[in-house]
2 protein chains.
Amino acid sequence: MGRSVAGETGAAAGRRGTRAVSMADVARLAGVSRQTVSRVVNNQACVVEETRKRVEDAMDELGFYPSFAGRSLRGGKYGCIGLCMFDITRAGNVATLDGIVSAARDCGYAVTLVEFDEGGPVRLRNVARRLAELPVDGMIFNTNRAVEDFDEFKPVPGLPTIIISMKEHPRCTTIDSDQYGCSRMVVDYLRERGHAHIRHLAGPEGSITADFRLRGWADALDAAGLERLEPLRGDWTADSGYELGVKLAQDKDMTALYVGNDQMAMGAMTALRAHGRRVPEDVSVVGVDDSLQGVVPHNTLTTVRFDLRERGKRTFDHFFAQMSGEERVEAVRLPGAIVERATVAVRP
Amino acid sequence: MGRSVAGETGAAAGRRGTRAVSMADVARLAGVSRQTVSRVVNNQACVVEETRKRVEDAMDELGFYPSFAGRSLRGGKYGCIGLCMFDITRAGNVATLDGIVSAARDCGYAVTLVEFDEGGPVRLRNVARRLAELPVDGMIFNTNRAVEDFDEFKPVPGLPTIIISMKEHPRCTTIDSDQYGCSRMVVDYLRERGHAHIRHLAGPEGSITADFRLRGWADALDAAGLERLEPLRGDWTADSGYELGVKLAQDKDMTALYVGNDQMAMGAMTALRAHGRRVPEDVSVVGVDDSLQGVVPHNTLTTVRFDLRERGKRTFDHFFAQMSGEERVEAVRLPGAIVERATVAVRP
DNA sequence: AACTACAATGAGCACGTTAACATACGGCAT
DNA sequence: ATGCCGTATGTTAACGTGCTCATTGTAGTT
């Protein structure tokens, strides 16, 4: 905190005497009733051209903007969605945010953004409380980290709630890129190309995304009856990928490496090459996220691409459906697609 | 559009009979007046413990949340800032957004995010109109592209407005990373290390950031009386950097290359090496943004780092100052810092 | 002339909250 | 007993908008 909070300044500072212009002010200047001003603002018929003109002039002169408070107090709706995210700066989240914002805009909604508290364990209930006191008609949570009260959380009555998460929720619709399915897809893709020794370099513990990607890989290997060696865990950075790639270079049986994200894949690939393993001739490498395009020159990494902007759009669509009366609770998983570049070879 | 917009659903859908719980409902259940409920909600003194308890129980039972509309109608403040950005997904913007959101939160503000319309020329006036009808106490614009009515734009009376932009504005405080100064800094840095033939690979035309970085480089060379060859222009991607790097490899006089961002620098560096120019022995390379850390293994690029999250925080600070009555219009430019890695050599 | 039909506008209320003022009550000094 | 004070609570009014209903004005029909 430190400084005074918004609530306090509200009463104290006000608009320093410059109280915003109201419809009554406009009506007075234009010599009409407030209701006529209201009609002009809302583009209703039944206003004669000359009156409309006079009102519009008065609005311009006074710099009138309809008060959101008054309007929504009457209508009951704000036209805003509350969105809560863990870490906006993580690459995937931004695209999703962007998708939500633009889909919302198309339906006349704005997006109010808050971040999860960082210190201490996270509880959806607390965030929901905070959002419920903001001018929002519903909520979207993006929970890609562990949440204490995930299962017992109950959405605020009257406020449709969607959760972006791989974990299913008993009362809320969840939506996410299919982090589990993408791994099975990659394993199938590699098996079709003759690979039987497929190792995995996963993201850090505590990351739900990393866990689901890992589980998908493990289940796919088990289902296919392939040998499954212990996966390694990095921290999503290229340098951690390099470090673990050095270890993996020792494994002469490995013919394919599936890495939990592209940056680590980049690191691992560099390490493999530096230690005499050719890519893709000796070892095929597949990443996830397709995040290197434009960042690295001549990007050749075969990877899985999720349309995260689309994920945001779909999230809003489900939100909008609930706003419109849809009651169904479902778990939507959006599939990724393999982007074939040049780091996978076919085994004889 | 296509579907109905928020405004329309407001009246039509309502909360489908589930009108939100009001203070009056709580008061009735607890057997007190609305005012007493209000006092409990706002943690005011002068409520006897037993009454408070009864009211709180009633609130819990009914699932009461104070209505933002009613509250702000009375108080005149919303506790929300409107933020308008061009493209959230551009790397720098996210960090800034994050800084604003977290600084705002510390002062009890939420951030309502909208994007600039994409089609057609952009006018601040239109965006301001849209924001002014949302529940916001002020606005922040992030304008890193050309805006049609930049100079003549007048902020909405009563709504403090800050613009994140290198261009100065006659009526609004502007703030930005010092895109101009960083280039001068880089040129000085290279001159101190004996370089006299410093070329520039700039970002695309139409990017204000690219223009200011270019102008800083040009002015610094002119001021030092150094030869200034025509700069090349890429599109921020590593591949465009590579392509132009191939051309620059022909220039045997060039001893230093200053590139408008790190990704192009990465591409250019790769091209230079591929064409027999050693980095940094033959050519020193400096980028801007420090955006490769964690993305590329063993990142060695010397670059300029801006603390963009800090930029967001500072932006909010200036906004908050204006909310508190500060009238001053200023142009704040936040300096970057050179991150020394291994792509600059000292000339004999 | 008296009527209906319709267009244009106005009056009044309701939404949920809170500041300002009003009331009730017990305790204490005069 | 009277007056005063402080605490706890209730009452009233106001914030700005938009819906419903009422009123006025105008044109057309009988």
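Which residue in E2(B) is the bridge partner of A:Leu113? The views below come from a predicted model.

**View 1. Strand E2 of chain A pairs with E2(B).**
The bridge partner of A:Leu113 is B:Val111. This residue belongs to E2(B). The strand in chain A covers residues 110-115. The two strands run in the antiparallel sense. Their pairing extends over 3 bridges.

**View 2. Chain B meets chain A.**
On one side of this contact are 71 residues of chain B. On the other are 72 residues of chain A. Several elements of chain B each supply at least two residues to the side that touches chain A. Five of them are helices: H1 (6-13), H5 (68-75), H6 (91-106), H10 (238-248) and H11 (262-274). Strand E2 (110-115) is also on the list. H6(B) gives the most, with 8 residues. Sorted by class, this side of chain B has 36 nonpolar residues. It also has 25 polar and 10 charged residues.

**View 3. A rotation superposes chain B on chain A.**
The rotation is 180 degrees, with 0.1 Å of shift along its axis. The RMSD of the superposition is 0.2 Å. The two copies are therefore related as by a two-fold rotation axis. Look for B:Thr112 in this view. Its C-alpha is the one in chain B nearest the axis, at 1.9 Å. Both copies use the same surface. Of the contact residues of chain B, 100% recur in chain A.

**View 4. Residues of chains A and B surround DNA strand D.**
Which helices each supply at least two residues of the surface near DNA strand D? In chain A they are H3 (34-41) and H5 (68-75). In chain B they are H3 (34-41) and H5. H5(A) gives the most to this surface, with 5 residues. By class, the surface near DNA strand D has 12 nonpolar and 11 polar residues. Another 5 are charged.

**View 5. Helix H2 of chain B crosses H3(B).**
H2(B) spans residues 23-30. Its axis and that of H3(B) come within 8 Å. They cross at roughly 105 degrees. Angles of 65 to 115 degrees count as roughly perpendicular, so H2(B) is roughly perpendicular to H3(B). Which residues of H2(B) meet H3(B)? They are B:Met23, B:Ala24, B:Val26, B:Ala27 and B:Ala30. Facing them in H3(B) are B:Arg34, B:Thr36, B:Val37 and B:Ser38. The residues of this contact divide into 6 nonpolar, 2 polar and 1 charged.

**View 6. A cis peptide bond joins Val279 and Pro280 in chain A and in chain B.**
In chain A, the bond joins A:Val279 and A:Pro280, and omega is about 10 degrees. A:Pro280 sits in the loop between helix H11 (262-274) and strand E9 (284-286) of chain A. In chain B, the bond joins B:Val279 and B:Pro280. There, too, omega is about 10 degrees. B:Pro280 is in the loop between H11 and strand E9 (284-286) of chain B.

**View 7. A:Asp290 has a positive phi.**
Phi of A:Asp290 is near 55 degrees. The residue is not a glycine. Where is A:Asp290 found? The loop between E9 and strand E10 (303-305) of chain A holds A:Asp290.

Technical notes:
Residues are numbered from 1 along each chain as its sequence is written. Chains are lettered from A and ligands numbered from 1 in the order in which they are written. This is a predicted model: local features need pLDDT of at least 70, side-chain atom pairs count only at pLDDT 80 or more; totals for chains, interfaces and linings use all residues. Two residues are in contact if their C-beta atoms, placed from the backbone, lie within 7 Å. Helices (H or I, at least four residues) and strands (E, at least two) are DSSP runs, numbered from the N terminus. Ala, Val, Leu, Ile, Met, Phe, Trp, Tyr, Cys and Pro count as nonpolar, Asp, Glu, Lys and Arg as charged, and the others, Gly among them, as polar. Two strands pair if DSSP finds at least two bridges between them. Copies are superposed by least squares on the C-alpha atoms of residues with pLDDT of at least 70 in both. A residue is near a molecule or strand if its C-beta atom, placed from the backbone, lies within 6 Å of it. Axes are lines fitted to C-alpha atoms, for helices over the stretch in contact, and angles run from 0 to 180 degrees between N-to-C directions. Angles under 35 degrees count as roughly parallel, over 145 as roughly antiparallel, 65 to 115 as roughly perpendicular and the rest as oblique.
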